[in-house]
Amino acid sequence: MSAIVSVKNLSKRYEGGVHALKDVDLDIKDGEILALLGPNGAGKTTLISCICGMASITSGSVSVGGHDNVRAYRKARAMIGLVPQEINLQPFETVMNTVRFTRGLFGKRGGADHIERVLRSLSLWDKREAQIRELSGGMKRRVLIAKALSHEPKVLFLDEPTAGVDVSLRKEMWNTVADLREQGVTIILTTHYIEEAEAMADRIGIISEGEIKLVRDKQALMHELGRKRLVIELSELASELPQGLDEFPLELGAEGRDLTYTYVTGGDGTGITRLLNGLRERGYKVRDVRTEQSSLEDIFVDLTAGEGRA
């Protein structure tokens, strides 16, 4: 799958010396959903702003569909739809006129059939003559997406699309994004919600302090960096960790009722059989064992541990 967005050695410095982005390299594949995770102040919105041409680049380059976003700004920007965090719509304008106006800003005339398809796909067609002020918060966010899709872009950026919305609306938005991907739109979303990335993304990118820490296929990331915990429930309470099993990073439960062994799923062997044999040899009787898989949230916390959050 070819890259539709290519970011090379991108750096961004603001006046005053703030280094917001540091030599970022990122290729976004045509037709994928990429989730960009990071704490507040990590550089997510700055990166989107540089790609979309709304912020100047200190060094490096960005191309969209093969068009450099500085030398061929209009062609690059025409390929991009952007849904910002903030809902900034004219309250007394209708849904239809709002979407038509944005299409016109990109120099595209007509397009009634396209606008109708977009509004229908976002369940906004019945609200096309309603004023923005009459809509719910969820409907307003759908209008933002309709505006972003009005000029038929190939790439859609969603900057914190479900920030501040309830769980049911969040899941509706997930379904909307999945439908857009089925229509061939490449989607990049920034989010604070780990479950949002797990639910929707093909690949996960983690950014912190202006640097891309990693970009991985979601399932591969879970496999490579994910951890499992083996919880061993003992038949008798233990007052201390077993002697002679130092190779295993064991933790004793607060009540001495269980032992927990944490291991990397992608490692060369887990050592579980040796551990259980070692316990039996030392007279420990095991009542039950269970495993617990680490979540993407655990991985994210590990990768950004100790780094500042704004």
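**Sheet, helix and ring contacts in a predicted model**

Colleague: Which residue in β14 stands opposite Leu234?

Modeller: Val286 does. Strands here are DSSP E runs of at least two residues, helices H or I runs of at least four, and both are numbered from the N terminus. Two strands pair if DSSP finds at least two bridges between them.

Colleague: What am I looking at, and how is it numbered?

Modeller: This is a predicted model, where local features need pLDDT of at least 70, side-chain atom pairs count only at pLDDT 80 or more, and totals for chains, interfaces and linings use all residues. Residues are numbered from 1 along each chain as its sequence is written, and side-chain values use heavy atoms, with hydrogens and water left out.

Colleague: Back to β14. What is the strand order in its sheet?

Modeller: The order is β12-β13-β11-β14. This sheet of four strands is open, and its pairing is antiparallel. β12 (250-252) and β14 (286-293) are the edge strands, each pairing on one side only. From one strand to the next, the twist averages 20°.

Colleague: How many bridges between β11 and β14?

Modeller: Seven, in the antiparallel sense; β11 covers residues 227-234. Within that pairing, Leu230 has Thr291 of β14 as its bridge partner. β11 and β13 are also antiparallel, joined by seven bridges. There, Arg227 stands opposite Val264.

Colleague: Which helix lies across β11, β12, β13 and β14?

Modeller: Helix α9, residues 272-281. α9 runs at about 20° to β11. Axes are lines fitted to C-alpha atoms, for helices over the stretch in contact, and angles run from 0 to 180 degrees between N-to-C directions. Contact means heavy atoms within 4.5 Å.

Colleague: Switching to rings. How many aromatic pairs in the whole structure?

Modeller: The search finds two. One of them is Phe248 with Tyr261: edge-to-face, 5.5 Å centre to centre, 90° between the planes. Rings of Phe, Tyr and Trp (its six-membered ring) pair if their centres lie within 6.5 Å; planes under 30 degrees apart are stacked, over 60 edge-to-face, the rest tilted.

Colleague: Are Phe248 and Tyr261 buried or exposed?

Modeller: Both are buried. That is under 20% relative accessible area, with exposed over 50% and partly exposed in between (1.4 Å probe, protein chains only).

Colleague: Lys12, then. Which residue in β2 stands opposite it?

Modeller: Leu21. β1 (residues 3-13) and β2 (residues 19-29) run antiparallel, joined by seven bridges. Their hairpin has five residues between the strands, and Gly16 takes a positive phi near 105° there. β1 also pairs with β4 (residues 59-64), antiparallel over five bridges. In that pairing, Val5 stands opposite Val64.

Colleague: New topic: α4. Which of its residues are buried?

Modeller: His114, Ile115, Val118 and Leu119; the helix covers residues 112-121. Seen down the axis, the buried residues of α4 fall within an arc of 130°, so they line one face. That arc is of the directions from the helix axis to the C-beta atoms. On the other side, Ala112, Asp113 and Arg117 are exposed.

Colleague: What covers the buried residues of α4?

Modeller: The cover includes α3 (95-105) and α5 (137-149). Just after α4, Ser123 has a positive phi of about 55°.

Colleague: Last one. What is the phi of Glu160?

Modeller: About 50°, positive although Glu160 is not a glycine. Glu160 lies in the loop between β7 (155-159) and α6 (167-182). Glu160 counts as buried because its relative accessibility is 4%. Asp23, in strand β2, also has a positive phi, near 50°. Asp23 is exposed, at 53% relative accessible area.
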